[in-house]
Amino acid sequence: MSLLEHDARSQALAQLSCFRGEFYACLTARSDALFELADAVLCGDGPVRSLAELSLVGEHRRGHGGLYAAVARGRIDAGRLRRALAEVPLPRAADGRLVLAIDVTCWLRPDAHTSPERILCHTYGRGKDQHIPVPGWPYSIICALEPGRSSWTAPLDALRLAPGDDTATVTSRQLRDLLQRLIATGQWQTGDPDILIVADAGYDAPRLGFLLKDLPVQVLARMRSDRVLRRAVPPRLPHTQGRPPRHGGEFVFGQPDTWGTPDTETVTDTRLYGTARARSWDRLHPKLTHRSSWAAADGTLPIVEGTVIRLDIDHLPSGATPKPVWLWWSGTDATLTDADRLWQAYLRRFDIEHTFRLFKQTLGWTSPKIRTPEAADRWTWLILAAYTQLRLARPLAADLRRPWERPVPPDRLTPARVRRDFRHIRPKTACPAQAPKPSRPGPGRPPGRKNTRPTPRHDVHTPRKTPAAKQRTKKSTTPRPRRTG
């Protein structure tokens, strides 16, 4: 081992030990049980299926009763843990900027009738061309993306959406708080490139760009293919009378005759998608109305200009027919380099799906049958802290591959492979959790006595219908005439 490699491993070990100590300090009640629970998630032999099985892992020195009590009644200082996640080293793009991806993933709880604050979550793939709503707890998660193809991300924040929350408002507030933490911890300094926020079509990109315009950020999001935007107002001719228009001509995504000549056009040869053609049109904006998220706005609505990019590819790796991708960028005057950088950054957004899959299928984020949303938040923060430890242990892990798996270089290890070796890395780091004190089991419930407490039942939150909608859905009470003859 070279001296440079030894220094890198020592630095990685110091960062991991520092984060583990800070994570333990964030646990304010039942800290030892919660800390050992996170270690049990990391040191398990296979995917996490239930909380009770984690009590059998050697790193968890307490019984299953203490484990459930820690999840139900423990406490985590979420604000301090958020700062700890923002202080760890974060991946950056080739130009040195931070690229953040935001998305909503759901913890489905269809049978938890006694669990409050559930919302109907839209799910995909549960039927042929069907989007079936299922009750659950949706979480908005923000991750920092790596520059190349990778299954690694850096989770920075998680927020559960409560019933009645406006997604655009909650997302902008979550992003604003995170950006302020990144600036306070020195992750962004004056003179650095603007932070790029990448989102999918479920977000209102112009509204996000408008709400975050006072921060050093740029918003890049996909738009639906049926959108209609407006061009900038052309110069006003002399001696023209009447009220000046606020919007120019229409730019209809589905009508090529309204596009005109693109401002930039690039062609790139890719390995997975063949030839990628990107065209951009500058200074396009949506025509806003006092509806949806802009219903509470007073006065004249703003004009939020941006750049629209259309990406066309030859084929998909799955063999499906490719569809064009429409992107909206909050910046203007995009160059050829900007257009290529933006659509490639959007493709990196799908790395967050690998993180969600690891959370659910390997780390067991949605496996426990937790009753209260507060306990769900507690378990979610444990999963984020466990994944961050995996990412910090990445330079220290060895490739413990299965006999049927191919060997990979140390810098290409997946999170699942790093988890296999975490049991050997853990003794080298600080473990502040104290050993459990010997005690006797409690007396339990007296024989012959039943539980007489009533079980509450919580209905799923559904948005209320307006009087106009109720009038449309109300059945007519007028009797129909009978047919004769």
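**Exercise 1. Find which helices and strands each supply at least two residues of the lining of the second largest pocket, and which one gives the most.**

Solution. 
Step 1: Keep in mind that you are looking at a predicted model. Go to the helices α6 (167-184) and α7 (205-211), then to the strands β8 and β9 (228-231); each of these supplies at least two lining residues.
Step 2: Pick out the main contributor. That is α7, with four residues.
Step 3: Find the middle of the pocket. The lining has 27 residues, and D204, R227, S292, S293 and W294 are the closest to the centre.
Step 4: Sort the lining by residue type. There are 11 nonpolar, six polar and 10 charged residues. The space in this second largest pocket is about 1000 Å³.

**Exercise 2. Describe the largest pocket: what is its volume, and which residues lie nearest its centre?**

Solution. 
Step 1: Start with the volume, which is about 2000 Å³.
Step 2: Turn to the lining. It is made of 48 residues, and those nearest the centre are D103, V104, H122, Y124 and D200.
Step 3: Trace where the lining comes from. Strands that give two or more residues are β3 (99-108), β4 (119-122), β8 (217-223), β13 (306-313) and β14 (325-329), joined by the helices α8 (336-347) and α9 (351-361). The largest share, five residues, belongs to β3.
Step 4: Sort this lining too. It holds 27 nonpolar, 10 polar and 11 charged residues.

**Exercise 3. Locate D377 and find which side chain makes a polar contact with the side chain of D377.**

Solution. 
Step 1: Go to helix α10, residues 373-392, where D377 is found.
Step 2: List what D377 touches. Leaving aside residues up to four places away in sequence, these are Y139 and R160.
Step 3: Look for the polar contact. The side chains of D377 and R160 make one, at 3.0 Å.

Note on methods: Residues numbered from 1 in each chain as written. Predicted model: local features only at pLDDT ≥ 70, side-chain atom pairs only at ≥ 80, totals over all residues. Heavy atoms only, no water. 1 Å grid on protein atoms, 1.4 Å probe; cavity = no way out; pocket = protein on both sides within 12 Å on 5 of 7 lines; lining within 4 Å. Points joined across faces, edges and corners; volume = space filled by probe spheres on them. Nonpolar A, V, L, I, M, F, W, Y, C, P; charged D, E, K, R; others polar. Polar contact = N/O pair within 3.5 Å; in protein donor to acceptor, adjacent residues only side chain to side chain. Contact = heavy atoms within 4.5 Å.
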